[in-house]
Amino acid sequence: MNTALPATLDHRLARFPFPFPEDAYRYSANVEPALTTVATPAGSWGDKLIEIDGDYRAELAERDAILRRDPSRLALLDHMRPAAWDALLTVLETLASEYPEDMEFSRAGRACRWNNRLLGEEWEFTVGDDSSLPGGPLGFLSSQVQEDIVLLDQREDALWLDGGVVTFAADWSMGFDVGMRFLEVHGPVPRIREEEIITRAQQFLMRLQPGQDYRRSNWTMTVGRRLDTSIETYPEWGPDRTSVADDPALPARLHLRVEVQHLVRLPRSGALMFLVRTHLASLEELATVPAWRERLGKVLAELPEDMADYKGISRYRHAASRWLLGA
Amino acid sequence: MNVLELAVADSKYIAPDIREIVLRRISAGQQEVLPSYIPGSHIVIECGGRANAYSLTGSGDSPEEYRISVQLRPDGRGGSSAVHRFRHGERVKVSGPRSAFPPVATARRHLLIAGGIGITPILSHLRAAAAWGREAELLYSFRPGHAAHLEDIRALCGSSPSLFLMEFTERKAFRTGLAEALRRQPLGTHLHVCGPLGFMDSVIAEARSACWPESRLHLEAFGAADLDPGKPFTAHLARTGRSVDVPSGTSLLEALENSGVPVPNLCRQGVCGECRIPVSKGRPEHRDLYLSESDKAANTTIMCCVSRSHEPHLELEL
């Protein structure tokens with residue numbers, strides 16, 4: 001494999017979690033323990049649970065604007081309040097230990113102090129008192145991390161999507177899915193019923209214990225550097241999927257979208273937390289790494305039609321593949 | 001599994017045959033707070049060559065210490081007497097907390113039922129209920145003068161308008177009280193019970209006769225979250241002619257890795273399918289969630305991270 005490094009590497013590429021270990025992609029329960037570093041031809045990723053990068057302030061500002069326009073991106077069923085507080089405490093503790101220069105967390109009984117030097121913010125709040133933080137525990141948490149947050153309750157031998165803040169959804173709707181079972185949420189995904197992948201994934205998740213953090217990645221493609229591809233904003237981005245196919249600017253417009261999902265059993269409430277971090281890189285950017293250029297070109301060419309349809313990439317994937325492999 | 005090395009900070013009798021052990025981090029240099037835990041969790045303590053599970057009795061929110069209460073069982077395997085002999089300052093190896101008896105977040109009300117030393121995980125539930133203002137009712141049955149944590153529980157229930165306590169020292173009174181309590185709970189109440197097996201069986205039977213649905217009945221079943229260590233066996237590697245011993249408590253995957261035989265793997269929990277190995281002779285004891293029933297019946301593959309062998313020998317295509 002030719003892995004000659006380009007002279008200058010964008011910070012995004014250096015930490016980009018390129019998701020394809022082979023020239024063909026199929027669904028699998030591709031879970032692995034968190035916090036293992038993965039070396040790539042452009043750098044490495046995976047050594048942290050929470051990824052803060054150069055887009056931190058910009059992405060938090062974007063989330064804030066989305067939540068103001070559409071508060072339904074945050075949903076929390078009543079019984080998930082303790083889970084939301086647990087998520088907040090767990091993530092703030094993690095931030096403080098992963099970014100000790102920039103973040104500081106301390107607690108005495110229910111009284112907590114949080115210092116985020118990257119944002120220049122300092123907060124004091126009381127565990128269990130929703131009014132002690134702007135937006136409550138979950139809304140506040142979403143103002144501190146680039147990750148989308150999904151909370152699942154475990155009961156009746158199943159997982160239920162009962163809360164979360166999702167502003168950067170890849171073609172789904174938090175407001176629509178809240179309250180559904182994990183298996184129902186994944187109902188539209190082709191092939192997985194036959195292959196029992198989601199059933200197995202649920203079995204795995206239900207057995208996760210606190211302290212055993214796992215991760216998986218997922219991918220699709222997005223036209224433009226657009227994080228918010230939720231169902232709610234489909235009229236804004238849907239038409240791009242047709243127009244990009246014949247556009248000479250396709251390599252600059254079309255992005256590979258990779259989600260790194262961390263799966264965390266929250267240690268106090270027992271709820272499951274998904275931290276979903278979205279990374280975008282254009283074909284042009286990816287093509288500066290020859291191994292990625294060739295691999296993505298082959299994956300897009302080979303992908304079965306039903307999977308390409310579900311991902312919403314059928315109209316342009318062959319054009320993208322031709323550019324990657326031919327140009 | 002993450003193992004913590006802790007020190008015995010205190011050990012005292014809290015009932016004639018029950019000792020409470022307090023475990024803390026060893027050095028001040030370490031971060032003081034211990035890993036939080038889900039109410040009803042247990043830790044596994046190694047002592048005297050055995051590993052025993054004990055329920056943690058706190059609420060689980062950022063604890064500075066782990067507290068367990070252990071009843072001496074002279075007829076047991078010796079675990080309880082070893083724990084009773086713990087001395088102040090002694091170092092103890094403890095597995096991180098594991099949850100197999102959690103509260104139900106959607107419960108409208110929590111009916112908690114404890115028999116004797118079964119109070120330990122129930123007390124953890126009660127503390128969490130107090131912390132979050134959940135409505136809970138505790139039925140505590142014990143021998144007169146032998147109740148652990150009774151003062152704690154009375155104080156806790158006295159301090160919160162949403163916690164209710166009923167104490168029983170006679171079997172007949174308990175039966176009557178239980179039957180009555182089961183019949184006046186609002187719909188949506190969940191029942192959690194812990195105690196001797198016979199006690200739990202009778203509580204569950206009474207709940208069924210009062211038409212409680214199974215999904216609202218929860219028993220403490222120790223260690224259900226863990227696979228048992230399994231019997232030892234020997235794996236024969238057909239291609240290289242090597243033999244690898246797999247002791248009890250060691251997975252086939254670990255044994256292969258220890259012998260310098262790398263196997264691709266990811267989850268190490270029998271789910272992801274990465275560590276599948278072809279089997280040429282013998283009967284695998286399938287314990288994974290990956291292979292289909294027909295795969296398992298064929299006995300031609302094994303997920304070596306969790307599965308073992310029914311017989312003393314198993315031949316692998318490696």
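This is a predicted model: local features need pLDDT of at least 70, side-chain atom pairs count only at pLDDT 80 or more; totals for chains, interfaces and linings use all residues.
Local features require pLDDT of at least 70 and side-chain atom pairs pLDDT 80 or more, whereas totals for chains, interfaces and linings use all residues. Residues are numbered from 1 along each chain as its sequence is written, chains are lettered from A in the order in which they are written, and side-chain values use heavy atoms, with hydrogens and water left out.

Chain B contains seven helices and 18 strands; helices (H or I, at least four residues) and strands (E, at least two) are DSSP runs, numbered from the N terminus. Along the principal axes, the C-alpha atoms of chain B fill a box of roughly 70 × 50 × 35 Å. An automatic or database domain assignment is the source of the domain bounds, and chain B is divided into domain 1 (3-95), domain 2 (109-219) and domain 3 (233-316). The C-alpha centres of domain 2 and domain 3 of chain B are 43 Å apart. Of the 318 residues in chain B, 50% are buried, where buried means under 20% relative accessible area, exposed over 50%, and partly exposed in between (1.4 Å probe, protein chains only). Among the contacts (heavy atoms within 4.5 Å) in chain B with a separation of 6 or more, 66% come from residues 24 or more positions apart.

The contact between the two chains involves 24 residues from chain B and 31 residues from chain A. An area of about 2,400 Å² is buried between chain B and chain A, 55% of it given by carbon and sulfur atoms; buried area is the accessible area (1.4 Å probe) that two parts lose on being put together, summed over both. Nine residue pairs, both members at pLDDT 80 or more, are in polar contact between chain B and chain A. A polar contact is a pair of N or O atoms within 3.5 Å; within protein, one must be able to donate a hydrogen and the other to accept it, and residues adjacent in sequence count only if both atoms are side-chain atoms. The side of chain B that touches chain A consists of 15 nonpolar, six polar and three charged residues. In this division, Ala, Val, Leu, Ile, Met, Phe, Trp, Tyr, Cys and Pro count as nonpolar, Asp, Glu, Lys and Arg as charged, and the others, Gly among them, as polar.

Two salt bridges (a side-chain nitrogen of Lys or Arg within 4 Å of a carboxyl oxygen of Asp or Glu) are counted between chain B and chain A. One of them pairs Asp61(B) with Arg268(A), with the closest N and O atoms 2.7 Å apart. Within chain B, a network of salt bridges links Asp10(B), Lys12(B), Glu20(B), Arg24(B), Glu65(B) and Arg67(B).

Over all chains, the count is 48 salt bridges. In chain A, Asp23(A) and Arg295(A) form one with an N to O distance of 2.6 Å. Asp23(A) lies in the loop between helix 1 (11-14) and strand 1 (32-33) and Arg295(A) in helix 13 (residues 290-302), so this pair ties together parts 272 residues apart in sequence. Asp23(A) is partly exposed, at 32% relative accessible area, whereas Arg295(A) is buried, at 18%. A salt bridge also joins Arg73(A) and Asp228(A) (3.2 Å, N to O). Both Arg73(A) and Asp228(A) are buried.
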